[in-house]
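This note comments on selected features of a predicted model.

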Amino acid sequence: MTWVGRPVPRREDARFLRGEATYLDDLELPGLLEAAFVRSPFAHARLGAVDAGAALALPGVVAVLAGSDLDVLPLPVGGVEGGVVADAGHPVLARGKVRYAGEAVALVVAGSRALAEDAAELVEVDYEPLEPVLDPRAASAGPLVHDHVAENALVRWSRVHGDPEAAFAAAHAAVAQSFHIPRLVAAPIEPRGAIARHEPEVDILTVWCSAQDPHRPLAQLGHALGRDRDRLRVVVPDVGGAFGSKGAVGPEVAAVAAAAVELGVPIRWTEDRTENFLAAYQGRGLDADVELALASDGRILALRAALYADLGGYLYATTAVAPHTTAMLLCGTYRIPAVDVEVVGVATTKVPTGPYRGAGRPEAAFLIERMVDIAAGELGLDPAELRRRNFVPPDAFPYQTPLGWTYDSGSFERCLDAAVELGEVERRRVEQAWARAEGRVLGVGVGMYVERAAGLWESADLRVEADGRAVVRTGSSPHGQGHETTFAQIAADELGVDPEAVEIVWGDSGEVPPGIGTFASRSVAMGGSALVVAARELAARATQAGLSVAELAAAEGGVEASARFESGLVFASGAYVAVVEIDRPTGRLRVLSVAAVDDSGRIVNPLLAEGQVLGATVQGLGQCLVEEAVHDEEGQLRTASFADYSLLTAAELPAIEGRFVETPSPLNPLGAKGIGEGGAIATPAAVANAVADALAPFGVRHVDPPFTEAKLWRLLR
Amino acid sequence: MTRQIAVDLNGLVVEAEVEPRLLLSDFIRHRAGLHGTHVGCEQGVCGACTVQLDGAPVRSCLLLAVQADGHTLRTVESLAPGDGLHPIQAAFQETHALQCGFCTPGFLMSIEAFLRHRPDPSEDEIREALAGNLCRCTGYRAIIEAVGLAAERLRGA
């Protein structure tokens, strides 16, 4: 029997359903103390004395540590290919200055969280407020956030290919549009957290961390704490959602780890929701000016873009990645011969940004897909037809874009055809004409996407015991995706055993082989492929001996194989269609339907893959309808609770229908791509196009998200 | 200053000395040691901490432990005896209505109370009943399906 491709329900579900899962705050350790942080109330200020006298006088308070009390380096900064990135890593606790409201200034350790919070309120900190830097477009002329970073430019990257200037000069038409994509909050229902315990007799520091994998926390904490990896162990327990936001370790985790060594006691930090809003890195935050040069037949001749990314006060290891990915994917699904793209990643006095579901891809899809619709309007062409005239055709793969990445495979027109059918675009257009005649405001929008996924390498250790049970130790790491089921399906097929005979071990750096982790929709394509390579090695050895793997394992008392699978980037893609209606008296947007067509290569488990599509699509809808991190003129986050930053609920859910196109990737043995992010990438583009389509009769060409009642009501006047 | 309380928690009487400011959610998790009830916002919005007080769903982060004195509390740990799954839990697994699982116990406690009062709900009623619990992973569709499936099976039982 073949297991890959079957909609198998998850076998890990029982422990979650019965309340028996173990998340970070469920762990019990003897003598565990609790931490709370003193956080800056100012977005930008010079930091003076920290007086902990009153706090330390509270019975049960063990320590109050400020930046100068810890012998640590800032968290590491990561680069991007071909870009210049400033040395502006996040300090473990603020030093000299604070650069966003909510930045951790001091750590309080006490016998309980309540006591630690009481004590944190008694810590007196001197601040000399400075002018905040808020607008990424104006930041180059503002006060310096870091003295050594000129014009507040933390990241610079640019690329010119072909002759865009000549293309624009000779074009039949050109269109230009400016955009603002707001910051978003990932908001996993379990906030972040960590426990650190140092064992001085062996000098091992163990950090339990709500994270997307153990590997990156291990590397980042090792860097900040100056600790070799063989003196550091990171354990990831069950994780209550991440969506990118638990990939780079927070300064709080490093502070707790350093304090556990310094004080010789185990310490836990469980982030609360307010802290998560204020201090966990946010997503998106991009301003852009984009232009397209067009031939009279609708061919796109050139793309020009200037991107201003609002990166916040510091760079995490992954902060530069999102704007770079946006730039690299700006050609989308289209063959564009000439490009001129420039990115400036700007320091602002806000919490840093980092990956959030899509991480640069939704911004790219939003920009190019809006531009294509604007171009279609300019040329009087059907938007779907304009897309067809510009798609990278199926026989062009592998296709290197003028921006430099090579798309491995794709069937862009097939995806669009499927989405047009599933979304009933023809019927909806007829309905739209009738609705308009009645004075109703209906819109239909298409959004294509290309998703950079996978890449780098991943590991798997596989052991088949003499009794036939298999144990997979994977470098990949779940936080809701269902690895324990999908990886067992993959192993079952390769080894010819039942998935129930396969145990998946993950998350503990002391147990699993070195790896990279779970992000960029890479688990199946990379971790799954590493597992396939290891299993095929065992299968080859068995075949050579004329035995099955189970027989070989029985004969040899167990057999083992390890694999490290490496590959280039793979590119998932897809087409979404959204239909919207705007209530004319109130401006309220209703999304009537979303048709989601995703080409993620070969699908291991359609039930779980559909779950990823639905979840990502609803996050994408949230971005369109309600989600926006708003900072006021002083740099204070005005949306710092679920009351002010709403997530969609079951009551607001539109009809969502999905379909898969399976164009296998040639770059891995599963033919897999990525499925985790497509819905979050394409939905905002499709809905934005539908909203602009709905508002076209009112002379509106473009609206930035979120499409709130107040914003749309004004446009309908 | 502390106060003595006694709570019927999943059929067992738990007695404890608590600070008046102790949240019911913290009492359940850290004093009674039942970790299935999760804390997501401490503001009454996300619903992850939903438990049943005298049979009705409540946000345990919006109540103090002392308010539960003398009352009956049910948490997710009480749903299925032994190693099995309650029909709502089984429906969740079949429809893939959970991913990270952090919000799931709160949903289950809301739904169990809802289906006792509305054994044959319409889809709109299900959506309304679920609107007090946030899930960031699933996009809700599978949860709505699970409630319909569980209702059908519970009616047949």
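1. In chain A, α9(A) crosses α17(A) in the right-handed sense. Helix α9 spans residues 361-379 and helix α17 residues 678-695; their axes lie 8 Å apart, at an angle of about 30°. Because angles under 35 degrees count as roughly parallel, α9(A) is described as roughly parallel to α17(A).

2. On the α9(A) side, this packing involves Arg361(A), Pro362(A), Ala365(A), Phe366(A), Glu369(A), Arg370(A) and Asp373(A). Their counterparts in α17(A) include Ala680(A), Ile681(A), Pro684(A), Ala688(A) and Ala692(A). Sorted by class, the contact between α9(A) and α17(A) comprises ten nonpolar, one polar and four charged residues.

3. Strand β2 of chain A (residues 45-51) has antiparallel pairing with strand β5 of chain A (residues 97-98), over two bridges. It also pairs in the antiparallel sense with strand β7 of chain A (residues 124-129), here over five bridges. Ala45(A) takes part in both pairings: it stands opposite Val98(A) in β5(A) and opposite Pro129(A) in β7(A).

4. The contact between the chains draws 39 residues from chain A and 42 residues from chain B. On the side of chain A that touches chain B, the elements giving two or more residues are α1 (13-17) and α16 (606-625) of chain A. Of these, α16(A) supplies the largest share, seven residues. By class, that side of chain A has 21 nonpolar, ten polar and eight charged residues.

How values were computed: Residues are numbered from 1 along each chain as its sequence is written. Chains are lettered from A and ligands numbered from 1 in the order in which they are written. This is a predicted model: local features need pLDDT of at least 70, side-chain atom pairs count only at pLDDT 80 or more; totals for chains, interfaces and linings use all residues. Two strands pair if DSSP finds at least two bridges between them. Helices (H or I, at least four residues) and strands (E, at least two) are DSSP runs, numbered from the N terminus. Axes are lines fitted to C-alpha atoms, for helices over the stretch in contact, and angles run from 0 to 180 degrees between N-to-C directions. Angles under 35 degrees count as roughly parallel, over 145 as roughly antiparallel, 65 to 115 as roughly perpendicular and the rest as oblique. A crossing is left-handed if the near helix is turned anticlockwise from the far one by less than a right angle, and right-handed if clockwise. Two residues are in contact if their C-beta atoms, placed from the backbone, lie within 7 Å. Ala, Val, Leu, Ile, Met, Phe, Trp, Tyr, Cys and Pro count as nonpolar, Asp, Glu, Lys and Arg as charged, and the others, Gly among them, as polar.
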